[in-house]
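Here is a friendly walk through one model, written for someone who likes to check geometry by eye. Have a viewer open and follow along.

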Amino acid sequence: MSKPTRRALAALTILIAGALAAAGPAQAAAPVIPAMTNIRTGLNTGFDRIVLDLSSGPAPAVSYRLLDELTADPSGEVVWLTGQYFINVTATPAAAHDVNGNLTYTGPQKFRTWNLRNVMAVAVTGDFEAHLSIGLGVRTRTAVHVFTLTAPNRVVIDVAS
(Lines give C-alpha, C1' and ligand atoms only; values in the text may rest on other atoms or scores of the structure.)
Protein backbone atom coordinates (compact mmCIF):
# COMPACT_ATOMS: atom_id res chain seq x y z
CA MET A 1 0.00 0.00 0.00
CA SER A 2 1.42 3.36 -0.97
CA LYS A 3 2.16 6.11 1.53
CA PRO A 4 -0.60 8.46 0.19
CA THR A 5 -3.17 5.63 0.45
CA ARG A 6 -2.17 4.90 4.07
CA ARG A 7 -2.45 8.59 4.93
CA ALA A 8 -5.89 8.76 3.33
CA LEU A 9 -7.05 5.67 5.27
CA ALA A 10 -5.64 7.09 8.52
CA ALA A 11 -7.39 10.42 7.91
CA LEU A 12 -10.66 8.61 7.15
CA THR A 13 -10.32 6.51 10.31
CA ILE A 14 -9.76 9.64 12.43
CA LEU A 15 -12.71 11.35 10.76
CA ILE A 16 -15.05 8.41 11.46
CA ALA A 17 -13.82 8.07 15.06
CA GLY A 18 -14.43 11.79 15.63
CA ALA A 19 -17.94 11.57 14.20
CA LEU A 20 -18.78 8.61 16.43
CA ALA A 21 -17.42 10.38 19.51
CA ALA A 22 -19.43 13.51 18.71
CA ALA A 23 -22.60 11.46 18.34
CA GLY A 24 -22.21 10.22 21.92
CA PRO A 25 -23.51 6.95 23.33
CA ALA A 26 -26.66 5.49 21.85
CA GLN A 27 -29.73 6.56 23.78
CA ALA A 28 -31.77 3.65 25.08
CA ALA A 29 -35.46 3.88 24.31
CA ALA A 30 -37.50 4.83 27.37
CA PRO A 31 -39.40 1.84 28.73
CA VAL A 32 -43.13 1.83 28.09
CA ILE A 33 -45.00 2.27 31.35
CA PRO A 34 -48.68 1.31 31.30
CA ALA A 35 -50.88 4.23 32.35
CA MET A 36 -54.16 3.89 34.24
CA THR A 37 -57.10 5.20 32.25
CA ASN A 38 -60.09 4.14 34.34
CA ILE A 39 -61.24 2.52 37.59
CA ARG A 40 -64.28 0.25 37.44
CA THR A 41 -66.16 -1.50 40.24
CA GLY A 42 -68.47 -4.48 40.18
CA LEU A 43 -70.47 -6.63 42.57
CA ASN A 44 -70.07 -10.37 42.03
CA THR A 45 -71.35 -13.41 43.92
CA GLY A 46 -69.06 -13.71 46.95
CA PHE A 47 -66.69 -10.84 46.10
CA ASP A 48 -66.35 -7.19 45.16
CA ARG A 49 -64.20 -6.44 42.12
CA ILE A 50 -62.15 -3.32 41.39
CA VAL A 51 -60.54 -3.11 37.93
CA LEU A 52 -57.83 -0.65 36.94
CA ASP A 53 -57.80 -0.25 33.16
CA LEU A 54 -54.28 0.35 31.80
CA SER A 55 -52.82 1.40 28.47
CA SER A 56 -50.56 -0.92 26.49
CA GLY A 57 -47.14 -1.98 27.71
CA PRO A 58 -45.82 -4.76 29.90
CA ALA A 59 -48.19 -6.08 32.53
CA PRO A 60 -47.13 -4.66 35.89
CA ALA A 61 -46.20 -6.70 38.93
CA VAL A 62 -48.86 -6.32 41.61
CA SER A 63 -48.90 -6.69 45.37
CA TYR A 64 -51.17 -5.75 48.25
CA ARG A 65 -51.05 -5.18 51.99
CA LEU A 66 -53.80 -5.15 54.60
CA LEU A 67 -53.40 -2.05 56.77
CA ASP A 68 -55.00 -0.16 59.64
CA GLU A 69 -54.28 3.16 57.90
CA LEU A 70 -53.52 4.32 54.34
CA THR A 71 -50.71 6.73 53.53
CA ALA A 72 -50.01 8.69 50.36
CA ASP A 73 -46.94 7.82 48.31
CA PRO A 74 -44.46 9.56 48.44
CA SER A 75 -45.56 12.10 51.10
CA GLY A 76 -46.47 9.61 53.81
CA GLU A 77 -49.51 11.71 54.79
CA VAL A 78 -52.57 9.85 56.04
CA VAL A 79 -55.23 9.29 53.38
CA TRP A 80 -58.66 9.62 54.99
CA LEU A 81 -60.98 7.08 53.46
CA THR A 82 -64.24 5.45 54.55
CA GLY A 83 -63.62 1.96 55.97
CA GLN A 84 -62.79 -0.07 59.07
CA TYR A 85 -59.68 -1.59 57.49
CA PHE A 86 -57.66 -0.78 54.40
CA ILE A 87 -56.02 -2.55 51.50
CA ASN A 88 -53.11 -0.92 49.68
CA VAL A 89 -52.53 -2.28 46.16
CA THR A 90 -49.34 -1.41 44.26
CA ALA A 91 -48.68 -1.93 40.54
CA THR A 92 -45.13 -1.56 39.17
CA PRO A 93 -44.37 -0.31 36.57
CA ALA A 94 -47.57 1.68 36.17
CA ALA A 95 -48.65 5.32 36.39
CA ALA A 96 -51.69 7.57 36.21
CA HIS A 97 -49.94 10.07 33.92
CA ASP A 98 -48.15 10.02 30.56
CA VAL A 99 -44.48 10.80 29.82
CA ASN A 100 -45.32 14.53 29.62
CA GLY A 101 -46.92 14.53 33.07
CA ASN A 102 -50.49 14.76 31.77
CA LEU A 103 -53.05 12.78 33.77
CA THR A 104 -54.30 9.67 32.01
CA TYR A 105 -56.84 8.94 34.75
CA THR A 106 -59.10 11.96 35.06
CA GLY A 107 -61.71 10.42 37.34
CA PRO A 108 -62.08 11.16 41.04
CA GLN A 109 -59.03 10.57 43.24
CA LYS A 110 -61.40 9.24 45.96
CA PHE A 111 -64.90 7.86 45.68
CA ARG A 112 -67.45 5.80 47.60
CA THR A 113 -68.53 2.43 46.22
CA TRP A 114 -72.19 2.29 47.19
CA ASN A 115 -72.80 -0.71 44.91
CA LEU A 116 -70.36 -3.07 46.70
CA ARG A 117 -70.78 -5.18 49.87
CA ASN A 118 -67.34 -5.01 51.52
CA VAL A 119 -65.39 -2.32 49.68
CA MET A 120 -66.68 1.04 50.88
CA ALA A 121 -64.35 3.44 49.06
CA VAL A 122 -61.43 3.66 46.62
CA ALA A 123 -58.58 6.21 46.46
CA VAL A 124 -55.56 6.77 44.26
CA THR A 125 -52.88 6.97 46.96
CA GLY A 126 -49.73 7.18 44.86
CA ASP A 127 -48.41 7.84 41.37
CA PHE A 128 -44.66 8.18 41.79
CA GLU A 129 -41.65 6.79 39.90
CA ALA A 130 -43.64 4.11 38.03
CA HIS A 131 -45.34 2.92 41.23
CA LEU A 132 -49.12 3.26 41.15
CA SER A 133 -50.89 2.77 44.48
CA ILE A 134 -54.60 2.34 45.08
CA GLY A 135 -56.20 2.20 48.52
CA LEU A 136 -59.46 0.46 49.36
CA GLY A 137 -61.51 1.06 52.49
CA VAL A 138 -63.28 -2.15 53.55
CA ARG A 139 -65.82 -3.15 56.20
CA THR A 140 -64.07 -6.38 57.25
CA ARG A 141 -60.67 -7.99 56.92
CA THR A 142 -61.11 -10.76 54.42
CA ALA A 143 -59.51 -12.62 51.54
CA VAL A 144 -58.00 -10.50 48.76
CA HIS A 145 -56.84 -11.67 45.33
CA VAL A 146 -54.88 -9.26 43.12
CA PHE A 147 -53.78 -10.19 39.59
CA THR A 148 -53.24 -8.78 36.09
CA LEU A 149 -54.91 -9.53 32.80
CA THR A 150 -53.70 -8.55 29.33
CA ALA A 151 -55.21 -7.66 25.94
CA PRO A 152 -56.16 -5.09 27.19
CA ASN A 153 -54.01 -4.57 30.30
CA ARG A 154 -55.81 -4.43 33.64
CA VAL A 155 -55.16 -4.90 37.33
CA VAL A 156 -57.94 -6.84 39.02
CA ILE A 157 -58.60 -6.67 42.76
CA ASP A 158 -61.10 -9.15 44.17
CA VAL A 159 -62.16 -8.64 47.80
CA ALA A 160 -64.31 -11.34 49.41
CA SER A 161 -67.63 -9.99 50.67
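Predicted model: local features only at pLDDT ≥ 70, side-chain atom pairs only at ≥ 80, totals over all residues.

Let us begin with the strands. Five of them form an open sheet in the order S3-S6-S9-S8-S7, and the pairing is antiparallel. At its edges are S3 and S7, each of which pairs on one side only. From one strand to the next, the twist averages 15°.

| Strand | Residues | Note |
|---|---|---|
| S3 | 61–67 | edge strand |
| S7 | 110–112 | edge strand |
| S8 | 119–128 | antiparallel to S7 |

Three bridges join S7 to S8 in the antiparallel sense. Which residue in S8 is the bridge partner of Arg112? That partner is Ala121. Arg112 also has a contact through its side chain: its charged end sits over the ring of Trp114, at 4.1 Å from the ring centre. As for pairs between aromatic rings, the structure holds zero of them.

**The largest pocket**

Now for the open space. The largest pocket has a volume of about 190 Å³. Its lining is made up of Ala30, Pro31, Ile33, Ala35, Ser55, Ala95, His97, Asp98 and Val99. How many of these lining residues are nonpolar, polar and charged? Six are nonpolar, two are polar and one is charged.

Methods:
Residues numbered from 1 in each chain as written. Heavy atoms only, no water. Pairing = 2+ DSSP bridges. Helix = DSSP H or I, 4+ residues; strand = E, 2+ residues; numbered from the N terminus. Axes fitted to C-alpha atoms, helices over the stretch in contact; angles between N-to-C directions. 1 Å grid on protein atoms, 1.4 Å probe; cavity = no way out; pocket = protein on both sides within 12 Å on 5 of 7 lines; lining within 4 Å. Points joined across faces, edges and corners; volume = space filled by probe spheres on them. Nonpolar A, V, L, I, M, F, W, Y, C, P; charged D, E, K, R; others polar. Phe/Tyr/Trp six-rings, centres within 6.5 Å; stacked < 30°, edge-to-face > 60°. Lys NZ or Arg CZ within 6 Å of the ring centre and 35° of its normal.
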